[in-house]
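Okay, everyone, let's talk about charged side chains and who pairs up with whom. Have a look at this one with me.

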Amino acid sequence: MRVDAKDMGADLKEVLITKEEIDAKLVELAAKIDAEYAGKDLLIVGVLKGAVMVMADLARALSTPVTMDWMAVSSYGAGTQSSGVVRILKDLDTDIKGRHVLIVEDIIDSGLTLSWLLSNLGSREPESLKVCTLLRKPDAAKVAIDVEWVGFDIPNEFVVGYGLDYAEKYRNLPFVGTLAPHVYGG
Ligand SMILES: O=P(O)(O)OC[C@H]1O[C@H](OP(=O)(O)OP(=O)(O)O)[C@H](O)[C@@H]1O
Ligand code: HPA
Ligand SMILES: [Mg+2]
């Protein structure tokens, strides 16, 4: 659902997904994840920095007891296009061999980050490895990835807020919105 941007400053074009819509979706996803992992020992892995907000809110919506770990990777730098080169900035603290692992992402755009992560973490022999992402851009996919839980499919536009940045800014907006073209020189 599209909502007109009001009082958000000149940098933003419009709100794509409101805080209320995000909250409701995370409760819905958490119920499905709870059902999948009932009685199992679950490790959720947040992909820094973008997934911080999703991890924090999804984890609190889950009834399943979880442990949490973080991986920091980056492929975007300060631009709006993935470089395709994924760098590990921080690895997991946990040995995931034999564990049920759920990767939590803010967005799947080209899919290059997640595809790399699935192969990297998959080689560590987890018992299971699944993915939950708040956002996905179907029209931007460069690799096909099977994702268990997706919050919202969105158009192929650069978005910010709720963890997502442009040049490290806008991560703390409570909603997901599009950026006015003048901000990134478009
Ligand atoms: O599907 P892709 O095209 O690979 O894009 C998705 C990835 O890009 C962003 O991370 P980024 O590398 O910008 O790091 P950040 O989370 O610290 O902003 C986002 O958080 C995802 O991890
Ligand atoms: O649309 C986006 N916005 C911010 N960060 C991103 N990383 C991948 N896609 C995006
Ligand atoms: Mg980023």
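Arg171 is buried, with a relative accessible area of 17%. For that word, buried means under 20% relative accessible area, exposed is over 50%, and partly exposed is in between, using a 1.4 Å probe and protein chains only. Quick note: this is a predicted model, where local features need pLDDT of at least 70, side-chain atom pairs count only at pLDDT 80 or more, and totals for chains, interfaces and linings use all residues. Residues are numbered from 1 along each chain as its sequence is written, chains are lettered from A and ligands numbered from 1 in the order in which they are written, and side-chain values use heavy atoms, leaving out hydrogens and water.

So which residue does Arg171 form a salt bridge with? That's Glu168, with the closest N and O atoms 2.8 Å apart. By salt bridge I mean a side-chain nitrogen of Lys or Arg within 4 Å of a carboxyl oxygen of Asp or Glu.

Glu168 also meets Lys49 in a salt bridge, at 3.1 Å from N to O. Those two sit 119 residues apart in the chain. Glu168 is partly exposed at 45%, and Lys49 is partly exposed too, at 47%.

Elsewhere, Lys90 and Asp69 make a salt bridge at 3.9 Å, N to O. Here Lys90 is partly exposed at 27%, while Asp69 is buried at 3%.

And how many salt bridges does the structure hold? There are 15.

Note on methods. Helix = DSSP H or I, 4+ residues; strand = E, 2+ residues; numbered from the N terminus.
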